[in-house]
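My notes follow the order in which I checked them.

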Amino acid sequence: MPAQQKETHPGLAQVQFLTIAEVAKVMRVSKMTVYRLVHSGELPAVRVGKSFRVTENAVQDYLENAYYDAG
């Protein structure tokens with residue numbers, strides 16, 4: 001199929017992927033913590049070769065759902 005006619009997923013071009021190190025920096029945790037979240041399935045990720053990539057939306061969703069009200 002020619003590249004011009006190839007269908008793409010709508011909105012996929014706008015998806016921003018972060019490395020494990022970038023996710024760790026955003027969440028202010030270690031890279032190992034992010035790896036644990038990915039391997040446990042708590043944080044969805046895409047495997048690219050030997051590396052993982054996490055969408056910004058997945059990080060945002062995880063943090064919103066992990067919010068703990070101590071009061």
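The entries below concern a predicted model.

**Helix α2, buried side.** I took helix α2, residues 31–40, and looked for its buried residues; Val-34, Leu-37 and Val-38 are buried. They lie on the same side of α2, because they cover an arc of only 100° around the axis. The general rule I had in mind is that an α-helix has 3.6 residues a turn, so residues three or four places apart point the same way.

**Helix α2, other side and end.** On the face turned away from the buried side I found the exposed residues Arg-36 and His-39. After α2 comes Gly-41, and I noted its positive phi, near 90°.

**Packing.** What do the buried residues of α2 pack against? I listed α1 (20–27), β3 (51–55) and α3 (56–65).

**Aromatic pairs.** I counted one aromatic pair. Tyr-35 belongs to helix α2 and Phe-52 to strand β3, so the pair ties together parts 17 residues apart in sequence.

**Nonpolar surface.** I found a nonpolar surface patch of about 250 Å², made by Phe-17, Val-46 and Val-48. Phe-17 sits in strand β1, residues 17–19. Its relative accessible area is 38%, and I recorded Phe-17 as partly exposed.

Key: Residues are numbered from 1 along each chain as its sequence is written. This is a predicted model: local features need pLDDT of at least 70, side-chain atom pairs count only at pLDDT 80 or more; totals for chains, interfaces and linings use all residues. Side-chain values use heavy atoms; hydrogens and water are left out. Buried means under 20% relative accessible area, exposed over 50%, partly exposed in between (1.4 Å probe, protein chains only). Helices (H or I, at least four residues) and strands (E, at least two) are DSSP runs, numbered from the N terminus. The arc is that of the directions from the helix axis to the C-beta atoms. Contact means heavy atoms within 4.5 Å. Patches are made of residues with over 30% relative accessible area and no salt bridge: like charges are joined within 9 Å, nonpolar side chains (Val, Leu, Ile, Met, Phe, Trp, Tyr) within 5 Å. Accessible areas come from the Shrake-Rupley method with a 1.4 Å probe; for residues, only the protein chains shown count as cover. A salt bridge is a side-chain nitrogen of Lys or Arg within 4 Å of a carboxyl oxygen of Asp or Glu. Rings of Phe, Tyr and Trp (its six-membered ring) pair if their centres lie within 6.5 Å; planes under 30 degrees apart count as stacked, over 60 as edge-to-face and the rest as tilted.
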